[in-house]
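Please keep the sequence and the coordinates at hand while reading.

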Amino acid sequence: MKTLLVIGAGPKALAVAAKAHVLRELGLPAPRVVVVEAHAVGGNWLPSGGWTDGRHRLGTSPEKDVGFPYHSTMARGRNREINEGMQAFSWTSFLVDQGGYSEWIDRGRPSPQHHVWAKYLQWVGHRIDLELIQGRVSSISPAADGWLVSVTDADGAVTQLDTDELMITGPGRSTRALADHPKVLSISAFWELAGRRELPVSSRVAVIGGGETAGSALDELVRHEMLTVSVISPMATLYTRGESFFENSLYSDPVKWAGLSVEQRRDVIRRTDRGVFSVRVQESLLGDDRVHHLQGRVTRVADEGSGVALTLRNSPRPDQVHTFDLVVDATGGHPLWFLEMFDADAADLLELAVGGPLTMARIEATIGYDLAVTGLESKLFLPNMAALTQGPGFPNLSCLGELSDRVLRAAGDAGESARREAAAGAERVRVR
Ligand SMILES: Cc1cc2nc3c(=O)[nH]c(=O)nc-3n(C[C@H](O)[C@H](O)[C@H](O)COP(=O)(O)OP(=O)(O)OC[C@H]3O[C@@H](n4cnc5c(N)ncnc54)[C@H](O)[C@@H]3O)c2cc1C
């Protein structure tokens, strides 16, 4: 049996592990799925993950759960059974199991708080007996027929895992801030202070960023005593995410995606994903006259009396300087964060596959139908990089059922290495 190692026990890992569980239950082939997690299952939806305080609400519907859209096409003649099997791990099955289903319906199906979403993911993990390794992946190297992954546990002990295939999830760390300055908070420092009710009293606050991370931070800030809250983004205005049937359907079912030109795809992503607030967040901000938008890219951070001065660039206009008491860097994760785990050999291999130095554009362009980098002998699944080539829903929660179909179909293929392993009777994920 092949082994698929997943870095991060978030929704993507749970979606893939749950479907592999269902396939096995039905007697269909599936790889062994092992998940390495630095915090806890659903860690990035909990305060300890550094992306939220856990009390803010999911932007999308929770019915876009680990099985959505329940339209498997993996195994001809058995897809109905797969869909039915996955329904045992749906959001509504979770509510039925926990006794909250009718209340949720009667309250108008509200989006759950992030910590409840984490609880749902943990429930799925528990029900499928998720194979979980606790620790932080610190390095990735190529092996003869797979990947060698080093995991550091809480005591600093390092274990090497040897796997056939690898999937990387999540946005990386949230501890990065634009500048090392006491008045400039990373998103992780922001949530830590907010959680302890210790956000400094400030009259002029700036939030840098116009996406989901900034939206949650703003949702929190407007509950505090502030004179003004400026949202800084390079866009001409703060856009609301398009959330009509037409936009949503491209997320749920990416079948039409391949028929669009690259320019049309970039346009959809700009309009619906990058640097946009959900309608709910936008509505709560609209009614608050303390919230303003400042257009520009921050190019300089400097001390200014007891505050901090930000230089905003809007070429060809001259730079502008604005002073704040507090700045929150909510620009979100770095898309290529995972490369910091790659050793020189792994980076070389990836460079060969993508045809040059590792840039976001090159990696994005090589993501195939299976959500893996094309041209690598051992699968490296990067669903977070799959929006442009495969569909805008793959990096987020929009089509986790389709994601697991594609990954497992590829991971289940009997490759050369798997045949060799089977012949040798060896088991992968050896602890060396
Ligand atoms: C505040 C906020 C709200 C959001 N709301 C929505 C929403 O409503 N709808 C939506 O579709 N999308 C939303 N998103 C986008 C969201 O990031 C993705 O949809 C979704 O979480 C991605 O799932 P995932 O499985 O890739 O990763 P995550 O849920 O981010 O899980 C990644 C996991 O990896 C672990 N990890 C990280 N590094 C390592 C390492 N080196 N070793 C081991 N483990 C590691 C983390 O602890 C974490 O548990 C939101 C994002 C943010 C920041």
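## Helix H6 and the residue after it

Just after H6, Arg 197 takes a positive phi of about 55°, although Arg 197 is not a glycine. Arg 197 is found in the loop between helix H6 (187-195) and S9, where helices (H or I, at least four residues) and strands (E, at least two) are DSSP runs, numbered from the N terminus. At 61% relative accessibility, Arg 197 counts as exposed; the classes are buried under 20% relative accessible area, exposed over 50% and partly exposed in between, with a 1.4 Å probe and protein chains only.

Within H6 itself, Ile 187, Ser 188, Phe 190, Trp 191, Leu 193 and Ala 194 are buried. What covers these buried residues of H6 includes strand S8 (184-185), helix H7 (212-221) and strand S17 (326-329).

## Basis of the values

This is a predicted model, in which local features need pLDDT of at least 70 and side-chain atom pairs count only at pLDDT 80 or more, while totals for chains, interfaces and linings use all residues. Residues are numbered from 1 along each chain as its sequence is written, and side-chain values use heavy atoms, with hydrogens and water left out.

## Backbone features in other loops

The loop between strand S2 (32-37) and H2 holds Pro 69, and the peptide bond that leads from Phe 68 to Pro 69 is cis, with omega near 10°. Tyr 70 is found in the loop between S2 and H2, and its phi is near 50°, a positive value in a residue other than glycine. At 18% relative accessibility, Tyr 70 counts as buried.

A cis peptide bond also joins Ser 315 and Pro 316, with omega about 5°. Pro 316 is found in the loop between strand S15 (307-314) and strand S16 (317-324).

## Helix H1 and its two partners

The axes of helix H1 (residues 11-25) and helix H2 (residues 79-87) come within 9 Å and cross at roughly 125°; axes are lines fitted to C-alpha atoms, for helices over the stretch in contact, and angles run from 0 to 180 degrees between N-to-C directions. H1 and H2 are therefore oblique to each other, given that angles under 35 degrees count as roughly parallel, over 145 as roughly antiparallel, 65 to 115 as roughly perpendicular and the rest as oblique. The crossing of H1 and H2 is right-handed, a label used if the near helix is turned clockwise from the far one by less than a right angle, with left-handed used if anticlockwise. Ala 15, Ala 18, Lys 19, Val 22 and Leu 23 of H1 make the contact with Ile 82, Gly 85 and Met 86 of H2, contact being heavy atoms within 4.5 Å. By class, this contact of H1 with H2 has six nonpolar, one polar and one charged residues, where Ala, Val, Leu, Ile, Met, Phe, Trp, Tyr, Cys and Pro count as nonpolar, Asp, Glu, Lys and Arg as charged, and the others, Gly among them, as polar.

H1 also packs with helix H5 (residues 114-127), at an angle of about 30° and with the axes 10 Å apart. That makes H1 roughly parallel to H5, and the crossing of H1 and H5 is left-handed. The contact involves Pro 11, Leu 14, Ala 18 and His 21 of H1, together with Trp 117, Leu 121, Val 124, Gly 125 and Arg 127 of H5. By class, the contact of H1 with H5 has six nonpolar, two polar and one charged residues.

## Strand pairing and the sheet S4-S5-S6

Three strands form an open sheet in the order S4-S5-S6, with antiparallel pairing; two strands pair if DSSP finds at least two bridges between them. Strand S4 (136-143) and strand S6 (158-163) stand at the edges, each with a single partner strand, so one side of each is left without a neighbour in the sheet. From one strand to the next, the twist averages 20°. Strand S5 (residues 146-152) and S6 pair in the antiparallel sense over six bridges, and the bridge partner of Trp 147 in S6 is Thr 163. Helix H11 (residues 344-354) packs on the sheet, where H11 touches S4 and S5 and its direction makes about 60° with that of S4.

Elsewhere, strand S9 (residues 204-208) and S10 run parallel and are joined by five bridges, with Ala 206 standing opposite Ser 230 in S10. Strand S10 (residues 228-233) is mostly covered, as five of its six residues are buried.
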